[in-house]
Amino acid sequence: MRKTICINKHWRFIKEDIGIQHATAKVVDAVFGETIDLPHTWNAADGQDGGNDYYRGRCWYVKQLPQMDLKEDEELWIEFRGAAMMTEVYVNGKLAGSHDGGYSTFRVNLTPWLNDENIIAVSVDNRAVRTVYPQKADFTFYGGIYRDVYLLRVPKEHFALGYYGGSGVKVTPTVRDAGASVSVEAWTENAPDGAAVKIEVLDAAGNSAGEASAAVSGNYVKAELEMKNVHLWDGKEDPYLYTLRAKLICECETAVITENTQHHDFVETKFGCRTFSVDPGKGFFLNGRSYPLCGAARHQDRQGVGNALTPAMHEEDMQLLLEMGANTIRMAHYQHDQYFYELADKYGMIVWAEIPYITEHMPEARENTISQMTELIVQNYNHPSIICWALSNEITGATGATEDLVENHRILNDLCHGLDATRLTTMAHVFMLDPEEEIVTLPDIRSYNLYYGWYVGEMEDNDSWFDSYHEKHPDVAMGLSEYGADANPQYQGSNPEKGDWSEPYQALYHEHMLKMWSERPYIWAMHVWNMFDFGADGRDEGGKPGQNQKGLVTFDRKIKKDAFYIYKAYLSREPFVHLCGRRYTDRAEDVTEIKVYSNLPSVTLYVDGVEAETQKADKIFRFKVSINGEHIIEAKADVYSDVMTIRKVDQPNPDYRKAGGEVVNWFDRDDEIVREGYFSIKDSMGAVKANPEAYAVFDELIAPIQEKIIEAYGDVAKSVKVPEEMQKKMDLMSVENSLKQMGGMITPELVHKLNSRLNQVPRE
């Protein structure tokens, strides 16, 4: 019988490459390293503090294995649920196996190298190489054995453990009318031809829902069974799961099975029965009905922990997604923990799954994309929550769509369809990629990462982009795979602007994006970037070095930003009322806006216990309140309420604006900028470019800044080609807003000088 033993406890960890001889000879005796428990990463601190200087190298984990008293007809395997990024496994100083890729399950057969006493030494390496993805991306590549490790004691004849980390069993249900046909494929190792595999399906109550058996041939078996009155897995409405049990029986010479037959191995997997489709004009359908998808992307790390999460942390992430009302998750940018996919099945989430083929195409790493995609599909095939396999993310950003890159995607697209004919392929395109390029048309359904309203353009440009695309390509299914705006909850104000990293601007941005999505049913899925702030050690912006702050929830999961609640208003059926701006305590204005989010139709506002006003509105309620001193503000909707305190101050609180934020307001009054009949920074970039004299002034003063950008980003900045449609939107931006995109590179002094020079150029 198969036995699974967790061996997370009491490893010796050495944060340097001391070599296998030192690792096996001295570490167990505590000469080197420290004692730790798994899961573990060595980048929990330095991978989140900014500077892009976190440790990337080869480290060692060493452990003396427990006595197993293995029998001659048994094998011992070790299973890693995730070790980043390149791993070698040594048993008693001998190399037993290796794995390239930091996010998937892999196993190594330890049996040939075992002695009476055994030391296992595991080298894990997250150095930059050209043969393993990812190597360039906006997140930290944590190193370590950061998921659980198990010993698997199995009969010599067993369900396959060495086939791309999968369970050895593949379940394909096909729903027909009220029933379902279930095809079960299984792979074995060392099983003789004629050995039998017995299949049994149990419903959620443990009752038999079908059974079948078939004979092994060439370590492969396929069985078919029918299920009547099938109970559908129906997303969040009813995430019903069946259990499939497979027994491998080797004593018999035929596939004839009796009740007394001894089975040699046993595996169990959950599965669900459902249908889905994507309509280019009507969006996503689940089990034949419209099921609009709106949710979030998720990175697996958190503050102070890195990627070494506990089951309780995974559960907390899922509960936050459910509270918000999300019905879909983009598991970005790699394969996530099996436990989290199981949670998605359990709670009815629709999942986008992908591999870390991201940002920069490396011709040397083609085989790694193939192996990681194969692992993703083989290991996750049975999860009903998954509806698509994503080939890559913003992969054209560094090199453009070269022929080698396109060919790599053709191979992956065909691989996905070959391994799984039941699901769709997709990919997340960088927002600068021309929709007409060949790479865009490869997958079954398309999706874009659009950042109008944050990095470029205005919020409204998202609307026109989708409208234009859908008008030109009405037969193409298009989704929104990323969009977002950074927000540090410390930054507050009454006049939020793009680029100020404030919580109020993020909320305004997402108000617009949700309205845009709700009016366009053809968008097959919308995934906000990101559900949680996450580690990006190369970043140093918005007051929190080492973090990407586009999350709706902070990195430590302690603060739900205001934008979280506008999603809850649109997506959740749980009644609630939420006061925005609770962290905007000190207010310098005489009359302030109190904004409330709720999914109830009417909200009443109370100031210091006195009813001020009742409003009826759709999700967003705005009240004007005169303030003088300290006030208790309460919003009530039905039996639900929320309370906060604000106070009148003489001057704006400087802590509410990010360092360097004074650049955003480089003039006190607009009349200091505009000179009647002449150009200024308030004019559009298109208007300035159309006037040779005005553009010459702009080019003279801004060229040195552009040279610094090219110097910082090298050939990437030179190779970026902005599509014509996007360039038109960028030309509609004012010179002032274009300068804000350059952040700290632009000083108030430079802006004053530019505006003064433009003020000397007359309009024609």
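The second largest pocket of this predicted model is lined by 33 residues, with S167, E268, T269, Q338 and E342 lying nearest its centre. A pocket is here an open set of points on a 1 Å grid over the protein atoms alone, where a 1.4 Å probe fits and protein lies on both sides within 12 Å along at least five of seven lines; lining residues have an atom within 4 Å of a point. The space in the second largest pocket amounts to about 960 Å³, the volume being that filled by probe spheres set on grid points joined across faces, edges and corners. Residues are numbered from 1 along each chain as its sequence is written, and side-chain values use heavy atoms, with hydrogens and water left out. Local features need pLDDT of at least 70 and side-chain atom pairs count only at pLDDT 80 or more, whereas totals for chains, interfaces and linings use all residues.

At least two lining residues of this pocket come from each of β14 (169–176), β22 (265–271), α3 (338–347) and α4 (366–380). Helices (H or I, at least four residues) and strands (E, at least two) are DSSP runs, numbered from the N terminus. The largest share of the lining, five residues, is supplied by β22. By class, 13 lining residues are nonpolar, eleven polar and nine charged, where Ala, Val, Leu, Ile, Met, Phe, Trp, Tyr, Cys and Pro count as nonpolar, Asp, Glu, Lys and Arg as charged, and the others, Gly among them, as polar.

Strand β5 (residues 74–80) contains E79. This residue counts as buried because its relative accessibility is 6%, the cut-off being under 20% relative accessible area (1.4 Å probe, protein chains only). The E79 side chain forms a polar contact with that of R81 at 2.7 Å; such a contact is a pair of N or O atoms within 3.5 Å, one able to donate a hydrogen and the other to accept it, and residues adjacent in sequence count only if both atoms are side-chain atoms. Beyond neighbours within four places in sequence, E79 is in contact (heavy atoms within 4.5 Å) with T105, F106, R107, D148, V149, Y150 and L152.

Pairing requires at least two DSSP bridges between two strands. Strands β23 (residues 276–279) and β24 (residues 283–286) are joined by four bridges, V278 being partnered by F284, and a hairpin connects them through three residues. Two bridges link β24 to β25 (residues 289–290), with R289 as the partner of L286. In the hairpin of β24 and β25, which has two residues between the strands, N287 adopts a positive phi near 55°.

Definitions and conventions:
Buried < 20%, exposed > 50% of the residue type's maximum accessible area, 1.4 Å probe, protein only.
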